[in-house]
Amino acid sequence: MALSLQEQLLQAGLADKKKAKQVRQQKHKQAKEKKNHNIQQTNESKLAAEKAAEQKKARDRELNQQAKAEAEKKAVQAQIVQMINVNKQSRKVGDIACNFSDNNVIKRIYVDKNIHTQITQGQLAIVKLNEVYELIPMPVADKIAERDESYVLYRADILPEEKAKNSEDEDWYADYEIPDDLSW
């Protein structure tokens, strides 16, 4: 029969009988108190392991959220690309330049008169896909703008901020009556 660790340490001379007896008595005392008083001993290693497990779970949740957000972002971009590819209008190169801004740089595409009319009336919008400018119908541009506004470069139905401010200034003077007998 194999000797216990305590007996092996005693034989090797690494521990003495007095220390072994004290340890035995202390263990017995703790077991008796635990049994009689329902006192639970705190095990530091168990607490540390539980804390580490909670930290790992929290980190895993965070990584899952990041991966989910990344996958959602890729799915939205795929939807936008698909909408542009399915709904892009065939563009005949014409002699009328249609100017728009892309990252504070004025760009232009040449279109025929019919396409230019549709762009200026707000029926078509200009979008950018892989460094190529495409024309798409306005309802599709609205759906793309809901997902990511950076794809839609030009829409004739939305007034720039300067024009909106000017219209507000003009409305302010509407309250005043202009006299008929004013002569210059």
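This is a predicted model: local features need pLDDT of at least 70, side-chain atom pairs count only at pLDDT 80 or more; totals for chains, interfaces and linings use all residues.
**Entry 1: Lys128**

I started with Lys128, which counts as buried because its relative accessibility is 18%.

Residues are numbered from 1 along each chain as its sequence is written, and side-chain values use heavy atoms, with hydrogens and water left out.

**Entry 2: partners of Lys128**

Which residues form salt bridges with Lys128? I call it a salt bridge when a side-chain nitrogen of Lys or Arg is within 4 Å of a carboxyl oxygen of Asp or Glu. I found Asp102, with the closest N and O atoms 2.9 Å apart. Lys128 lies in strand 3 and Asp102 in strand 1, so this pair ties together parts that are 26 residues apart in sequence. Helices (H or I, at least four residues) and strands (E, at least two) are DSSP runs here, numbered from the N terminus.

I then found Glu131, whose salt bridge with Lys128 has its closest N and O atoms 3.3 Å apart.

Glu131 is exposed, with a relative accessible area of 64%.

I also listed what Asp102 touches, leaving out residues up to four places away in sequence: Lys107, Lys128, Tyr133 and Leu153. A contact means heavy atoms within 4.5 Å.

Glu131 lies in the loop between strand 3 and strand 4. I noted its phi near 65°, a positive value in a residue other than glycine.

Next I followed strand 1, where Asp102 is found. Strand 1 (residues 96–102) pairs with strand 2 (residues 105–111) in the antiparallel sense, over seven bridges. Two strands pair if DSSP finds at least two bridges between them. I looked across from Ala97 and found Tyr110 of strand 2 standing opposite.

The hairpin has two residues between its strands. Asn103 lies in that loop, and its phi is positive at about 55° although Asn103 is not a glycine. I looked up its cover too: Asn103 counts as exposed because its relative accessibility is 69%.

**Entry 3: helix 3**

How many residues does helix 3 have? I read off 44 residues, from 44–87, reaching 64 Å from first C-alpha to last, close to the 64 Å expected at 1.5 Å a residue. The expected span is 1.5 Å times one less than the number of residues.

Ile80, Met83 and Ile84 are buried in this helix. Where do the buried residues of helix 3 pack? Their neighbours are strand 3 (124–129), strand 4 (132–137) and helix 5 (138–147).

I also came across a salt bridge between the side chains of Lys56 and Asp60 (3.3 Å, N to O). Both lie in helix 3, four residues apart, about one turn of the helix. An α-helix has 3.6 residues a turn, so residues three or four places apart point the same way. Lys56 is exposed at a relative accessible area of 53%, and Asp60 is partly exposed at 34%.

My count of salt bridges for the protein comes to four.

**Entry 4: a patch on the surface**

I turned to helix 1 (residues 5–12), which holds Leu5. Leu5 counts as exposed because its relative accessibility is 59%. Leu5, Leu9 and Leu14 make a nonpolar surface patch of about 320 Å². Patches are made of residues with over 30% relative accessible area and no salt bridge; like charges are joined within 9 Å, and nonpolar side chains (Val, Leu, Ile, Met, Phe, Trp, Tyr) within 5 Å.

**Entry 5: the whole protein**

Last, I stepped back. The protein has six helices and five strands, in the pattern α-α-α-β-β-α-β-β-α-β-α along the sequence. Of its 184 residues, 17% count as buried. The accessible surface comes to about 15,700 Å², and 49% of this belongs to carbon and sulfur atoms. Accessible areas come from the Shrake-Rupley method with a 1.4 Å probe, and for residues only the protein chains shown count as cover. Among contacts with a separation of 6 or more, residues 24 or more positions apart account for 43%.

Terms used
Buried means under 20% relative accessible area, exposed over 50%, partly exposed in between (1.4 Å probe, protein chains only).
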